[in-house]
Amino acid sequence: MSELNGLRVLIVEDEALIAMMAEDMIDSLGCTVAGLASTVGDAQTALVNVKFDVAVLDVNLNGTTSMGLATALKQRGTPFAFTTGYGANGIDAEHLDMPVLTKPYSIADLEAALITCAQKNQAAGVSSTTSITDSNRG
């Protein structure tokens, strides 16, 4: 779990109970909840204004897909995991390389997904102190 200590996580989830559960799990894993968004618009704002290392994206946000958010994250080199009640169904082929958590997911499932994301950051040479905002400066 040490590779997760201090990892900043953006949660994008439209169901309040699931978002609260995710926050508790992330805290328990030694990570920090950097932000919470429940709509695509809120998430787009967070992509610009919130410092985070990885994101956890609900695939369906009140009937709107989060695939555009996933594309934006991938373009910036920021790893993410999907959450969904439908497995990999509904996930664009270009994003099937990212972890998928099927709801309801366990803390062990979330931990494995976050470790995968943290390893993607390490492989890309990104430390847990780098954010999307920081990586866009140059």
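Buried residues make up 45% of the 138 residues in this protein, where buried means under 20% relative accessible area, exposed means over 50% and partly exposed lies in between (1.4 Å probe, protein chains only). This is a predicted model, in which local features need pLDDT of at least 70, side-chain atom pairs count only at pLDDT 80 or more, and totals for chains, interfaces and linings use all residues. Residues are numbered from 1 along each chain as its sequence is written, and side-chain values use heavy atoms, with hydrogens and water left out.

**Overall layout**

- The protein's secondary structure comes to five helices and seven strands; helices (H or I, at least four residues) and strands (E, at least two) are DSSP runs, numbered from the N terminus.
- Of the contacts between residues at least 6 apart in sequence, 66% join residues at least 24 apart, and contact here means heavy atoms within 4.5 Å.

**Confidence**

- The average pLDDT is 89, and 88% of the residues score at least 70; pLDDT is the predictor's confidence in each residue, from 0 to 100.
- Over residues 127-138 the pLDDT stays under 50, and the model has 25 contacts beyond four places in sequence for this stretch.

**The nonpolar cores**

- The largest nonpolar core has 22 residues, and Val-12, Leu-57, Leu-69, Phe-80 and Phe-82 are those with the most contacts inside it. A nonpolar core is a set of buried Ala, Val, Leu, Ile, Met, Phe, Trp, Tyr and Cys residues joined through side-chain atoms within 4.5 Å.
- At least two residues of this core come from each of strand E1 (8-12), helix H2 (40-49), strand E3 (54-58), helix H3 (67-76) and strand E6 (80-84).
- H3 gives the most to this core, with five residues.
- Another core, of 21 residues, lies apart from this one and has Leu-4, Ala-22, Ile-26 and Val-54 among its members.
- In soluble globular proteins, nonpolar side chains tend to be buried together.
- Leaving aside residues up to four places away in sequence, Val-12 touches Ala-37, Ala-43, Val-56, Leu-57, Asp-58, Leu-61 and Leu-69.

**H2 and H3 side by side**

- H2 and H3 pack at an angle of about 10 degrees, and their axes are 11 Å apart. Axes are lines fitted to C-alpha atoms, for helices over the stretch in contact, and angles run from 0 to 180 degrees between N-to-C directions.
- The two helices H2 and H3 are therefore roughly parallel to each other, since angles under 35 degrees count as roughly parallel, over 145 as roughly antiparallel, 65 to 115 as roughly perpendicular and the rest as oblique.
- The crossing of H2 and H3 is left-handed; a crossing has this label if the near helix is turned anticlockwise from the far one by less than a right angle, and is right-handed if clockwise.
- Val-40, Ala-43, Gln-44 and Leu-47 of H2 make the contact with Leu-69, Ala-72, Leu-73 and Arg-76 of H3.
- Within H3, the buried residues include Met-67, Leu-69, Ala-70, Ala-72 and Leu-73.
- After H3 comes Gly-77, whose phi is positive, near 80 degrees.

**H1 and H4 crossing**

- The axes of helix H1 (residues 16-28) and H4 come within 10 Å and cross at roughly 65 degrees.
- H1 and H4 are therefore roughly perpendicular to each other, and their crossing is right-handed.
- On the H1 side, the contact is made by Ala-22, Met-25, Ile-26 and Ser-28, and on the H4 side by Ile-107, Leu-110 and Leu-114.
- Ala-108 lies in helix H4 (residues 107-123) and counts as partly exposed, at 46% relative accessibility.
- Ala-108 and Met-25 are 83 residues apart in sequence, and their C-alpha atoms are 9.3 Å apart in space.

**Single residues to look up**

- Asn-5 sits in the segment before E1 and touches Leu-29 and Gly-30, not counting residues up to four places away in sequence.
- Asn-62 is in the loop between strand E4 (60-61) and strand E5 (64-65), and is exposed, with a relative accessible area of 57%.
- Although Asn-62 is not a glycine, its phi is positive, at about 50 degrees.
- Lys-103 and Pro-104 are joined by a cis peptide bond, with omega about -10 degrees; Pro-104 is found in the loop between strand E7 (100-102) and H4.
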